[in-house]
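Reader: I am new to this one and would like to be walked through it. Could we look at it together, one question at a time?

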Amino acid sequence: MGNRKNLIRVMALFFAFIFSFTMLSRASYQYGTAVVTVSRPENRVISHQVVATGKVTQNQELAVVTEPDQRVTAIYVKEGQQVKKGDLLFEIDGKLLEEKILMQQQEMEKQKLQVQDAKSQKSISAMQKANEQAQAQENYALNTKDASVRLARAKRDLQEAKQTLKDFRQNSKDQVQDSGVEEMLESAFQTKQAAYIQARQELTELQWQIEKAVDDAKKQAVDTTAILMADLAKGYSFEAEITKEQEKYIGTGDLVTLTSGNKKIKLEEQPVSSVRSEEEKEDTYRVTVELLPDSFEIGMAVTMEFVRKSPSYACCVPLSALHLDERNQTYVLTAEEYESVMGTELRARKVKVNVVEQNESYAALAEGSLTSRQQIIIHSDKLVGEGSRIRIEG
Amino acid sequence: MAEWSLLPQAPALNALVELLMDSPQFFVMFWNSVKISLCILAGQIFFGIPAAWGLARFEFPGKRVLSMIYLVLMLMPFQVLMLPEYIVLNNMGLLDTHWAVILPAVFSTFPVFIMHRFFHSVPEAVVEAARIDGAGEIQVFFYIGIPLGMPGIISSGLLGFLESWNMIEQPQTFLKTKSLWPLSLFLPEIGLKEAGLGFAAALMMLLPALLLFLCGQEYLEQGIAAAAVKE
């Protein structure tokens with residue numbers, strides 16, 4: 001009896017043990033299950049918002065320039081102030097100017113004297129140069145004449161030697177002659193030939209001339225801009241920079257909304273005048289909007305807003321639902337039910353999709369990628385992959 | 001060729017920890033087995049005891065035919081009864097529920113056969129004495145039959161529990177939803193790579209049956225001894 005009671009106690013303990021581990025294992029199982037947020041594909045319009053902050057600038061400006069080395073003693077206008085013809089802009093130091101003028105006059109006199117001196121120097125040197133040239137010409141003529149004479153003599157000697165050798169060889173065919181004589185004649189011929197070549201080379205060298213002239217002149221102009229003025233009569237415009245991505249969605253003629261920095265002024269449906277690329281900055285474009293007079297102040301910071309809406313897409317998902325695999329293929333994870341020992345559970349399934357268009361928050365997928373009933377995982381508290389166990393939040 | 005040693009070469013408790021902490025599926029199936037077994041046990045006691053008492057103590061027309069039917073049904077293997085049971089359960093809309101396993105087992109003939117043997121051995125003199133004292137049939141059944149037939153009842157209950165605890169064919173045939181499967185179907189789900197987990201599961205599956213057997217061992221012995229003395 002006592003034995004049976006103990007056994008019953010043991011059995012009760014065993015079942016209590018099993019029950020507690022049932023709870024523990026379930027808790028451990030749920031800990032490994034990712035909690036996800038899901039949504040279904042929607043019918044949406046993908047809108048692209050282009051927002052850029054720029055500045056109102058003048059279309060034309062005038063520069064009031066001072067001469068170099070002048071000093072401005074007073075400025076009577078402030079930046080942004082409107083002025084008209086006749087208004088005093090600034091004052092320059094008159095005394096300094098007079099001193100400068102005097103110095104310049106003295107310098108001018110000095111230069112005049114130097115010029116006269118240079119002229120006389122020039123004529124002397126020109127004469128010297130002419131004499132030298134004449135002398136050089138005379139020497140050249142004499143040398144050339146001598147060389148020509150030597151050449152003619154050498155040519156004559158060579159021809160004589162050649163004829164003598166020819167005659168001797170002719171005679172040697174008829175009767176036996178002394179071989180030593182032939183050698184002597186040949187040696188003489190070769191000597192005359194060398195002399196002829198030498199004479200010709202000397203004449204040739206005198207006839208070569210190389211001329212080279214280099215003329216390098218550089219001019220530099222320096223001036224100083226004191227004041228830049230915007231010409232209000234020519235109108236003004238708004239300019240802002242946009243990225244290459246934004247440039248796809250805005251073009252000439254599009255109607256934008258301009259809002260001042262303090263949000264007090266708002267102009268709607270302002271047409272874009274131009275969108276052109278910036279040469280100095282890669283992948284940057286400049287948008288220009290012509291403004292009516294008195295709409296904004298010059299220099300004011302203004303925000304431009306434009307929304308381009310696409311046609312309606314049947315299958316749109318939040319951007320957070322898209323992923324890229326190792327082959328750069330875009331895919332989404334859907335929640336799929338399956339039966340297991342634990343009952344009906346959910347797991348993630350990978351579905352490859354093609355993105356047709358997207359903005360900062362939504363992406364439109366190609367027709368047929370997903371059905372409207374499928375639940376797309378848009379957020380999870382753990383890393384989720386194909387086949388991962390999931391639980392929907394809420 | 002596999003090599004086995006008597007003592008484990010590198011004993012570890014990893015498989016047991018994995019079973020107890022990382023396998024909630026095991027516990028789902030465990031409690032399914034407990035539910036099925038207890039329901040079958042309760043049903044067999046509720047329906048089997050009166051049936052056994054009636055067959056053992058009363059004479060009525062067709063008793064021999066009925067006894068023969070019970071005997072034949074007891075001898076039939078599950079494969080013979082599978083299709084008729086499937087059709088009936090399908091028509092009743094009970095397929096893929098625990099009742100598909102419980103109901104056929106509740107009306108099993110084997111417990112009736114065992115208890116009938118024990119009820120038949122209750123001395124007639126005791127029953128007559130009770131009738132003389134004014135006890136009705138119900139009172140005789142509850143106050144004489146059941147107490148004196150308790151060894152038989154516990155024996156049949158124990159054997160019935162063991163049979164239902166280890167049942168494989170009926171759950172596999174009638175239960176499609178995995179969350180309804182009993183523990184006997186956990187091991188076939190495990191592969192050879194998870195042999196450690198399988199052995200740990202087998203140990204946990206053995207323990208309730210072993211404990212119950214140890215609890216009812218005395219009754220089994222009494223039952224066997226009583227039958228021998230009566231004869």
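Author: Happy to! One term first: a polar contact is a pair of N or O atoms within 3.5 Å, where, within protein, one must be able to donate a hydrogen and the other to accept it. Please also keep in mind that this is a predicted model.

Reader: With that term in hand, how many residue pairs are in polar contact across the interface of chain A and chain B?

Author: The count takes in pairs with both residues at pLDDT 80 or more. For polar contact, the number of residue pairs found is 3.

Reader: What is the area buried between chain A and chain B?

Author: The contact takes 22 residues from chain A and 24 residues from chain B. Carbon and sulfur atoms give 79% of the buried area. In chain A, the residues that lose the most area to chain B are Arg4(A), Phe14(A) and Val341(A), together 28% of what that side buries. The total between the two chains is about 2,200 Å².

Reader: Which element gives the largest share of the side of chain A that touches chain B?

Author: Two elements give two or more residues to that side: strand E14 (330-340) and helix H1 (2-31) of chain A. By class, the side has 14 nonpolar, 5 polar and 3 charged residues. The largest share, 17 residues, comes from H1(A).

Reader: Let us move to single residues. Is Lys263(A) buried or exposed?

Author: Lys263(A) sits in the loop between strand E8 (255-260) and strand E9 (266-271) of chain A. Its phi is near 65 degrees, a positive value in a residue other than glycine. Most residues other than glycine have a negative phi. Because the relative accessibility of Lys263(A) is 67% and the cut-off is over 50%, Lys263(A) counts as exposed.

Reader: Where does Asp283(A) lie?

Author: Asp283(A) also has a positive phi, near 60 degrees. At 43% relative accessibility, Asp283(A) counts as partly exposed. Its place is the loop between strand E10 (274-277) and strand E11 (284-291) of chain A.

Reader: Which residue has its backbone oxygen 3.2 Å from a polar atom of the side chain of Gln270(A)?

Author: Gln270(A) lies in strand E9 of chain A and is buried, with a relative accessible area of 13%. Not counting residues up to four places away in sequence, Gln270(A) touches several residues, including Asp254(A), Leu258(A) and Val289(A). The backbone oxygen 3.2 Å from that side chain belongs to Glu268(A).

Technical notes:
Residues are numbered from 1 along each chain as its sequence is written. Chains are lettered from A and ligands numbered from 1 in the order in which they are written. This is a predicted model: local features need pLDDT of at least 70, side-chain atom pairs count only at pLDDT 80 or more; totals for chains, interfaces and linings use all residues. Side-chain values use heavy atoms; hydrogens and water are left out. Helices (H or I, at least four residues) and strands (E, at least two) are DSSP runs, numbered from the N terminus. Buried means under 20% relative accessible area, exposed over 50%, partly exposed in between (1.4 Å probe, protein chains only). Contact means heavy atoms within 4.5 Å. Buried area is the accessible area (1.4 Å probe) that two parts lose on being put together, summed over both. Ala, Val, Leu, Ile, Met, Phe, Trp, Tyr, Cys and Pro count as nonpolar, Asp, Glu, Lys and Arg as charged, and the others, Gly among them, as polar.
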